[in-house]
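Visitor: I would like to learn how to read a few features of a structure like this one. Could we go through them one at a time, with the general idea before the case?

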Amino acid sequence: MTATAPITQDVVTIPRKMPEGTVNLVGLTRDAMRDALIAIGTPEKQAKMRVGQIWQWIYQWGVRDFSQMTNLAKDYRAKLAENFVIEIPEVVSKQVSDDGTRKYLVRIAGGHEVEVVYIPEEGRGTLCISSQVGCTLTCSFCHTGTQKLVRNLTAGEIIGQVMMARDDLGEWPKQGAPKDETRLLSNIVLMGMGEPLYNFENVRDAMKIAMDAEGIQLSRRRITLSTSGVVPEIARTAQEIGCQLAVSFHATTNETRNMLVPINKRWNIEELLAALKSYPKVSNSERITFEYVMLNGVNDTDEDARRLIKLIEGIPAKINLIPFNEWPGAPYKRSSNNRIRAFADIIYKAGYASPIRTPRGEDIMAACGQLKSATERERKSRRQIEADAGL
Ligand code: SAH
Ligand code: SF4
């Protein structure tokens, strides 16, 4: 770890308890739900079975009302309703792009808002979810990074975004209906607002719920967590979540990466690559996605492409090139299409997949890195953004 100015991270997580003393069951691990049921008088011997039943109602069938949990005794349902709630974030607005992309603004406790984006594709669909309100990191090309206010989302607020999208897509299965294998919401990417590895426990608990075989049932291969490079949490991600990993690489020298992704001043390229090397083996995943935002004249030369190939040697990798999505006041421009293609070509010829990410939902500002809730108006000045970017 290099000794440089620390990156501040004053983040708070609100407790799961509701003000009235009721507990939200959404987001609790199976163990925590068991404890909660025992605390209201459920006999210990029955608790595990009750968790299984309630879990299925909530996560398999999308039920929000205890009275509909018909395999539980009536008085037990009433007791649950007295003590617990099943709550997910509230949708404040929904915008639908010409290309079918849906952007939701959802409200969480405390009146904060985060964005969630659903991207429909042929035979599948990806939900891009947020892990924090804003972000403590200040990547100079990212709109979220200009937002000052930050709070960690609870596990319930994270998995709640998935449940909200399933509500909107009408994708909870009907009891007795044949199992439908095609899913509108088939993939999750933690690429919305926030740095997921600065909210590790909540992200882990939420993703465990998404993967649970008795509920939402998404395979860990269909969940991708994107990190800016929180090195100490990478091994833990492999061990405790085991999902696919994407890393916001974006530069091939420490000098440029320090400017674009300031967390690099804490854990530099060499330290990051060392942590990434063991990820695929430990998590039993195929390869790591290297995200690389294409910024005109900043990180997009042929030399950068060649340096990138050298750096990632020995790591099973795919390089995802992201044309920069501009936002009001952004201090960069997108590289030209020809430049992006030339860059992609060099990487492809070296034997790596190098897809160029098609920006989706641009007309509604839903593309990568454009998210920033309008209600969190307080933001850095343009001068501050430029100073952080070293311009
Ligand atoms: N905090 C995490 C995940 C959220 S950002 C991370 O940084 O990885 C998801 C991806 O969008 C990251 O690769 C990020 O670098 C990229 N991104 C941010 N702003 C962007 C922009 N304006 N244009 C294109 N990609 C952007
Ligand atoms: Fe935060 Fe990721 Fe944006 Fe960087 S790119 S400011 S880590 S959300």
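Visitor: How many aromatic pairs does a search of the whole structure find?

Guide: Two rings are taken as a pair when their centres lie within 6.5 Å, and planes over 60 degrees apart make the pair edge-to-face. In this predicted model, a search of the whole structure finds 4 aromatic pairs. One of them joins Phe 249 and Phe 290, whose ring centres are 5.2 Å apart and whose planes stand at 75°, so this pair is edge-to-face.

Visitor: Which parts of the chain does the pair of Phe 249 and Phe 290 tie together?

Guide: Phe 249 belongs to the loop between β11 (244-248) and α7 (254-260), while Phe 290 belongs to strand β12 (residues 288-294), so the pair ties together parts that are 41 residues apart in sequence. Both Phe 249 and Phe 290 are buried. Another edge-to-face pair is formed by Phe 324 and Tyr 332, with 6.3 Å from centre to centre and 90° between the planes. Phe 324 is buried, at a relative accessible area of 2%, and Tyr 332 also counts as buried, at 4%.

Visitor: Let us turn to a helix. Which residues of α3 are buried, and where do they fall when seen down the axis?

Guide: Helix α3 spans residues 74-83, and its buried residues are Tyr 76, Arg 77 and Leu 80. Seen down the axis of α3, these buried residues fall within an arc of 100°, so they line one face of the helix. The face turned away from that buried side carries the exposed residues Lys 74, Asp 75 and Glu 82.

Visitor: Are Gln 217 and His 250 buried or partly exposed?

Guide: Gln 217 counts as partly exposed, at 29% relative accessibility, whereas His 250 is buried, with a relative accessible area of 3%.

Visitor: Which residues surround ligand 2?

Guide: Ligand 2 is surrounded by Cys 135, Leu 137, Cys 139, Cys 142, Gly 145, Gly 194 and Ser 228. By class, this shell has 4 nonpolar and 3 polar residues, and no charged ones.

Visitor: What can be said of the chain as a whole?

Guide: The chain has 12 helices and 13 strands, and buried residues make up 56% of its 391 residues. Among the contacts between residues at least 6 apart in sequence, 68% join residues at least 24 apart.

How values were computed
Residues are numbered from 1 along each chain as its sequence is written. Chains are lettered from A and ligands numbered from 1 in the order in which they are written. This is a predicted model: local features need pLDDT of at least 70, side-chain atom pairs count only at pLDDT 80 or more; totals for chains, interfaces and linings use all residues. Side-chain values use heavy atoms; hydrogens and water are left out. Buried means under 20% relative accessible area, exposed over 50%, partly exposed in between (1.4 Å probe, protein chains only). Helices (H or I, at least four residues) and strands (E, at least two) are DSSP runs, numbered from the N terminus. The arc is that of the directions from the helix axis to the C-beta atoms. Rings of Phe, Tyr and Trp (its six-membered ring) pair if their centres lie within 6.5 Å; planes under 30 degrees apart count as stacked, over 60 as edge-to-face and the rest as tilted. A residue is near a molecule or strand if one of its heavy atoms lies within 4 Å of it. Ala, Val, Leu, Ile, Met, Phe, Trp, Tyr, Cys and Pro count as nonpolar, Asp, Glu, Lys and Arg as charged, and the others, Gly among them, as polar. Contact means heavy atoms within 4.5 Å.
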